[in-house]
Amino acid sequence: MNRLDQLEAQSIYILREAFNRIDKIAMLWSLGKDSNVMVWLTRKAFFGHIPYPLMHLDTGLEFPETYAFRDRYVKEWGVKLIGDPCPPLDTIDDTLPPASRVAARKTAGLKEAIEKYQFDGIFAGIRRDEQSMRAKERVFSPRNAEGTWDFRDQPPEFWDQYKTDYPAGTHIRIHPLLQWTELDIWRYIQREEIPLVPLYFAKNGERFRSLGEIGITFPIKSNAATIEDIIAELEVTRTEERAGRAMDHESEDAFERLRADGYM
Amino acid sequence: MADSVVKLTTPPQATQHVPGMKDLLRIVIVGHVDHGKSTLVGRLVYETDSLPEGKFEQIKAMSDRRGMPFEWAFLMDAMQAERDQGITIDTAQIWLKTKGRDTVIIDAPGHKEFLKNMVTGASQADAALLVIDADEGVKEQSRRHGYLLHLLGVRQVAVVVNKMDLVKYDAARFQEVEREIRTYLGSIGVTPAHVIPVSARDGDCIKEGSAKMPWYKGPSVVQTLSLFNPIASLSDLPLRFPVQDVYKFDERRIIAGRIECGRLSVGDTLIFSPSNKSAKIKSIESWSSKPGHHNPLTAVAGQSVGITLDEQIFVERGDIVSHLQHAPVETDVFRARIFWLGREPLKKGGAYKMKLGTMEAPIRIQEIERIIDTGDLRALSSDEVERNQVAEIVIRSRRMLALDAFNDSPRTGRFVIVDKFDIAGGGIISMEGYADQRELITQRSTNITRVEHAIPPEERWRRNGHKGGVMWMTGLSGAGKSTIAVKLEQRLFEKGYHVYILDGDNVRHGLNANLGFSPEDRAENIRRVGEVAALFARSGMIVITSFISPYRSDRDRARAAASDVFHEVYVAAELATCESRDPKGLYKKARAGQIADFTGISAPYEAPEEPEVVVDTAAASADECVDALVEYVERTFRI
Ligand SMILES: Nc1nc2c(ncn2[C@@H]2O[C@H](COP(=O)(O)OP(=O)(O)OP(=O)(O)O)[C@@H](O)[C@H]2O)c(=O)[nH]1
Ligand SMILES: [Mg+2]
């Protein structure tokens, strides 16, 4: 087994574990490259089926290409979509820096959806190599009733035994892609021919390396117009993947605050 | 169809070649608090040119903001609380792009408060660097982490003696620390690949040798990393495929799971443990979007697969699938070496849940045999295992479990203990002194029908003048079982009872002449005696058995055979008393190592939990004990 085979097998194991152990579960589908890999792995894990709803936290601020992608693959893959709009900006904590505040709408939307649909577990496609707070995550990560992450006291997690016993009121984030790197994701997309929003591929010398909302996500200078180009670019790059995400850089603790409060 | 363990299978499906993709090695950095682990990680990232653009400046700004000199540890210590207090709380990971292969560095916290996080990090590693402060030397967590690496199965270890700048790069001081850690690791069976003197903060001996330590001729840290290898695949071990789930999304009934060890192929005959049901693999299912895709014919360790069977037998999550040969052990009791992370101590007699692979079972802690002080490896005794302690314990389950000794099959030889909602400990299994009970519970005969007796039991009792039943005596060698049994038989016979003794040595001359003294043979010995005793009892007789019968599982099976006419008699006497009597000179031989697996000395005796009768031969004479038993029989076996 090569590295992609190993990652794939491990992620499938995690998806199946969560599907078996957790009652009501949904998968966050941001429509970005990572969550599409996660959906792909779902179809592998469950032999072509997607046995839980995919949840798109809609801020209304996605790029038009992103909405088009969503509408197409909801039909093609037989997705059960939950696409409720996120709460408006003026309901969000105004002590947060501006971009974080926009991002926090997603956290609020997620909390509302969990409440409304009574989910016990949520799959999120975060990776350890993206960001140093995410590097500390568990595969099965408990959240209390308010959705907050007690990152100073996380449960032990070893030998692929995950925390699956909870008192009432807890819900759980499951991170099937935690161990993948950005390059692993792209190589897997290449191998599996997974469809993507076209914004990842360079046009007029620009492309999105990380895809978020209009206004807080910015393209990078790049001529990588194919997957092969992108892989070649990533092999030599020294910039961080999320350099184009404004909210990561507003203050030293901006991302910690966001995540502690329940952001992905 | 032959087992694929012995059959040469076709190689696993060739995975598509991915150009430029490198192997991955996972290294954990462990050691005592503040010895410079995170600093070493930061410096390694820098020295291997893996630091992202702008990161250096960010770390500089964070350090300045706190009025500190440049702090490499801030690369990994992402939490504000970690940076403010200069301590790692939780484990984190970072990827290095190195030549030849990629490396994941897992930084672990050294403070003992966060041992659960160290375990979380270390359990994912192929190899470890144990960091020791040259000035402070080997400390409590240096030893404990070393010990835990071993328990967690990390076998490739190198030691980094850090902060050499603080001891003026002194070779003598380095050698002192080296000697101490080598001695300790040696005593737990770990040989470090290298012991490397470094100054992580200043980058000495990280990538290349250092001019400040010309006396050191060994490899640098980066050079040492290239000597380690990713953990080898387990596909050559016997098949272990724990059932994770059974899916019925469409017309297929798919049994899903990950192959932990070995391999399986279409057509193989499988056995499901502990249910012991058997079926053949009809297909290995898979999904692909690509046209012309075929299902694989074989699959190997590490793969998450789904299979269908030729027969619709009942299968459930937690079953372990194997081939007929080399099936896992079946037992309801086993030994384990555990580490405990729970807030509440682990208690002798306490009820917990274990998880092994995908199986979950309620368990009880039967015995805490010893606590191991990871500092000096002394054995301590206690009824509790405190947080962060390592111990050897005996675990009992109410139902039969399928598992392996860790040394035979590592993946199904390890488990975690759940206390209420939390994973609170982990352990590896040893079956030393305990029998594989698979044979005892396997029914080979088929097409058999019971014949109903025409004489009801009450009729037999009326003719004999008393009920039939089993007086099952258990106790250590020398406790007085045979003496009491013989006297009891005589007294009951004189009183007109129909009574007969089954004695250990006697049945080994005939019925059980083909059995030895291995745990499995001992268990079979007792199984047969239990069945024979039950037949005697059903014929209306009182049968007195006189066997050490040290295992609870075996006695419980004998009780089940005779059902409600079974009377357990615990012939109690302290080990010391029995040893001083030593009527057959066996204790002496056992102490001299001439008898292996001798109960009480080198094999366990599990005292009955709720015997019907207890006689204490140390406190009372044999005749007094017999009086008590005669009284019991007259009362209990009366019609
Ligand atoms: N003089 C000197 N100081 C060092 C060296 N390496 C690390 N330090 C200092 O030692 C202190 C602790 O370093 P860390 O890297 O945070 O230690 P750690 O082992 O990661 O600590 P925990 O993760 O909390 O267990 C910091 O102040 C470092 O600057 C070294 O080579 N020389
Ligand atoms: Mg540290």
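A salt bridge is counted here where a side-chain nitrogen of Lys or Arg lies within 4 Å of a carboxyl oxygen of Asp or Glu. By this criterion, 14 salt bridges are found between chain A and chain B of the structure, which is a predicted model. One of them joins the side chains of R83(B) and E252(A), with an N to O distance of 2.8 Å.

The residues of chain A that touch chain B comprise 23 nonpolar, 13 polar and 27 charged residues. In total, 63 residues of chain A are in contact with 86 residues of chain B, and the area buried between the two chains is about 6,400 Å², with carbon and sulfur atoms giving 52% of it. Within chain A, the residues that lose the most area to chain B are F47(A), W159(A) and E252(A), which together account for 15% of what that side buries; E252(A) is also the partner of R83(B) in the salt bridge described above.

Chain B itself is divided into domain 1 (2-225), domain 2 (241-323), domain 3 (333-440) and domain 4 (456-636). The C-alpha centres of domain 3 and domain 4 of chain B lie 30 Å apart, and the contact between these two domains takes twelve residues from domain 3 and 13 residues from domain 4. About 1,100 Å² is buried between domain 3 and domain 4 of chain B, 47% of it on carbon and sulfur atoms. Of the area that domain 3 buries against domain 4, R396(B), G433(B) and L440(B) supply 46%, more than any other three residues. R396(B) also forms a salt bridge with E606(B), in which the closest N and O atoms are 2.6 Å apart; the count of salt bridges between the two domains is two, and that of residue pairs in polar contact, both at pLDDT 80 or more, is nine.

Ligand 1 is surrounded by 21 residues, the closest being K37(B), S38(B), T39(B), T88(B) and D165(B). An oxygen atom of ligand 1 lies 2.4 Å from a side-chain N or O atom of T39(B), while the corresponding distances are 2.7 Å for T88(B) and 3.0 Å for K163(B).

Notes:
Residues numbered from 1 in each chain as written. Chains lettered and ligands numbered in written order. Predicted model: local features only at pLDDT ≥ 70, side-chain atom pairs only at ≥ 80, totals over all residues. Heavy atoms only, no water. Domains from an automatic or database assignment. Contact = heavy atoms within 4.5 Å. Buried area = accessible area lost by both parts, 1.4 Å probe. Polar contact = N/O pair within 3.5 Å; in protein donor to acceptor, adjacent residues only side chain to side chain. Near = heavy atom within 4 Å. Nonpolar A, V, L, I, M, F, W, Y, C, P; charged D, E, K, R; others polar.
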